[in-house]
Amino acid sequence: MTYAIETFSISKQFPKLSGWRKYASRIQTNQPAVDEVNIQVKAGELFGLLGPNGAGKTTLIKMLSTLILPTSGSALVNGFDLTQDELIKASIGLVTSDERSFFWRLTGRQNLEFFAQLHAVPPHQIDDRVEEVLHHVALLDEADQRFLTFSTGMRQRLSIARALLTQPNLLFLDEPTKGVDPIATQKFHKLILNQLKSELGVTIFLTTHNLEEAQTLCDRIAIMNTGQIRACGTVAELRDELHVAPRYHILTSGISIESKRKLTEKFPDLKFQSDLSLQTNTAIESTESNRVNLDFIEASKGSTLNNLLHFIMNSGGYIWQISQLSTTLEDIFSHHIENQISSREKTSNTFVNADPTENNFRPKVPSSNWSDKNKIRSETYLLRIARAFLIRDFRIETSYRFAFALQLLNILLSVGVFYFISLLVGPSAAPYLSRYGGDYFSFVIIGIAFAGYFGVGLSSFSSKLRQSQVSGTLEAMLTSPTKLSAIIVSSSLWEYLMTTIRVLVYLVVGALVMGATFGQGNLISAIIVLILTIITFSSLGIISASFVMVLKRGDPIAWLFNAVSTFLGGVYYPITILPEGLQWLAKLIPVTYALDAMRLALLQSATLSEIFPQILALCVFSVILLPSSLFAFRYAVQRAKIEGSLTHY
């Protein structure tokens, strides 16, 4: 037997405390969300996980998708251990009921092209693959409409199309028809059964609390409640396992009122319509031809049925029909949910508890050719990811054409404001600016232009992380094998590009229109200073994003450096005008050295040797902050996966 999924007593407990308190006290945990679950899903089957809200279904799927780390236990997904997260993500598809997981300003096709890049679909195959999956979900005609125009059913079908981009061996469907109307649900069921299961042969793991949906679609069903698997098997197996006494329906007539009284005395389980609300076993009198419908449960292996039939005939009654009522999935579900039997023995004995080493399912190479784990570190792939994010952000930004134009207008107005301030200040500022040539307008233009890099470095990583969490797109991106670090860094590239454009506009407009004097400038010195500045402030930004990832709000890094850098860093005035104590504090922050070196390079054509002290200070900041930021980021990701809060905000 080959298995697409095997779990081995996998459990998940979430910490009780949140925010700063969890670091100041011993970690406490809640009741397990998933409690020692053992399941085996056969390759090629449609397996349903049925349970009420809060049963632990989504938590289990997120563990199997490597978005959440289990507290204990282990699992194999497509033959890969949960520690092999990149290979698992490359071989699965995940569909949730969250319609926010796409970029609303992009078309359906543009969304799929972006996610195809994240999933490492070879560039020359992307167009064909996108066309193929759109065909499978019947969205070819609507593919070039913006996602915001899609109906709920169309959004769900696009989610399946995205999940199929890598031609996965295993597809997770987490309550895919939640909020979908009945007609769209029927179409969705046909898509699952006809295209996904029959035509493509994909193994499907479906979670739902819709009993009819589970019975319509699934080969086997597991019932989950309070984190435990209560039962597992086909509907017939679940019915047999329940050991419910058979139920019968008898249509009779000719029973007198006196016979009915004796009937209820001799067979107390039979109740008339007046007791219908109190009992499951009922006797309901028909208004036509004095016929009576009897429904009852056989409690003594046929003797009750025989005695009942004899009594009816001996009383002069007639028997028109006898039928046995089968136990429904609703009966089975109610039994396991209402009877909260916390029996780990039953859970573990319901399935064959195989050792992971005994699984003879050999992992297939993921269809996206993700056979080499080091592929994610290749320069070519990282460049493709960077390009995909730049294209995505360009399409989104240019869809707001008016706002884009206002950004450029804002730059021109800012330059004008400081030009007239420089006229007001006049020659009085020259003694303080002699180090930089004496011109206040040139001094301040460089300050406000390059301050943009400080702001982007400090806040872009955390703001992009927050934006992805709020919009719901982060989880969709994290189901790809692309690392979170690459996603966040690539998400910030557009901000750096726009900042560079703003810097150039500031300098060009200042020089050509308003007479700023930059002299010859030393571009080599300026570029080296800029690179060290970006590394330093990006490191601070990564630390800031780490705080946001864990604490969600209350990031002290961005607040501290944003406030202090403007006040002490010399953006609008030289630090020499500050009191001596504040000048000493200014020398503790990197922006001071970055702006000083940049102004000397552009205004005084300073060589590398002439600005060596500033470059040395920036190098020290980089050497300390960069490894610290990477350590903080790894810790934050690990912590968020343990808490299950990576996509929360």
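The questions below go through surface, helices, loops and salt bridges.

Reader: What should I know about the model before I use the values?
Author: This is a predicted model, in which local features need pLDDT of at least 70, side-chain atom pairs count only at pLDDT 80 or more, and totals for chains, interfaces and linings use all residues. Residues are numbered from 1 along each chain as its sequence is written, and side-chain values use heavy atoms, with hydrogens and water left out.

Reader: Which helix gives the largest share of the nonpolar patch?
Author: The patch covers about 520 Å² and is made by Leu523, Ile527, Ile531, Ile535, Leu626 and Leu630. Patch residues have over 30% relative accessible area and no salt bridge; like charges are joined within 9 Å, nonpolar side chains (Val, Leu, Ile, Met, Phe, Trp, Tyr) within 5 Å. Areas come from the Shrake-Rupley method with a 1.4 Å probe, and for residues only the protein chains shown count as cover. Helices H20 (523-551) and H24 (612-643) each give two or more residues, and the largest share, four residues, comes from H20.

Reader: Is Ile527 buried, partly exposed or exposed, and what are the cut-offs?
Author: Ile527 sits in helix H20; helices (H or I, at least four residues) and strands (E, at least two) are DSSP runs, numbered from the N terminus. Buried means under 20% relative accessible area, exposed over 50%, partly exposed in between (1.4 Å probe, protein chains only). Ile527 has 48% relative accessibility, so the class is partly exposed.

Reader: How far does H19 reach from its first C-alpha to its last?
Author: Helix H19 (residues 493-512) has 20 residues. Its buried residues include Trp494, Tyr506 and Gly510.

Reader: Which side chain makes a polar contact with the side chain of Glu45?
Author: Glu45 lies in the loop between strand S3 (40-42) and strand S4 (46-50). It is buried, with a relative accessible area of 6%. A polar contact is a pair of N or O atoms within 3.5 Å; within protein, one must be able to donate a hydrogen and the other to accept it, and residues adjacent in sequence count only if both atoms are side-chain atoms. The Glu45 side chain reaches the backbone nitrogen of Lys42 at 2.7 Å, and at 2.8 Å it contacts the side chain of Arg220.

Reader: What is the phi of Thr66?
Author: Thr66 is in the loop between helix H2 (57-64) and strand S5 (72-77). At 4% relative accessibility, Thr66 counts as buried. Its phi is positive in a residue other than glycine, near 70°.

Reader: Is Ala138 buried or exposed?
Author: Ala138 is found in the loop between helix H5 (126-136) and helix H6 (152-163). Its phi is also positive, near 55°. With a relative accessible area of 52%, Ala138 is exposed.

Reader: How many residues apart are Arg109 and Asp144?
Author: Their side chains meet in a salt bridge at 2.9 Å, N to O. A salt bridge is a side-chain nitrogen of Lys or Arg within 4 Å of a carboxyl oxygen of Asp or Glu. The pair links distant parts of the chain, Arg109 in helix H4 (residues 108-118) and Asp144 in the loop between H5 and H6; the separation is 35 residues.

Reader: Why are Arg639 and Glu643 about one helical turn apart?
Author: The two side chains meet in a salt bridge of 3.0 Å, N to O. Arg639 is buried, with a relative accessible area of 12%, and Glu643 is buried, with 12%. Both lie in helix H24 and are four residues apart, which means a separation of about one helical turn.

Methods: The expected span of a helix is 1.5 Å times one less than its number of residues.
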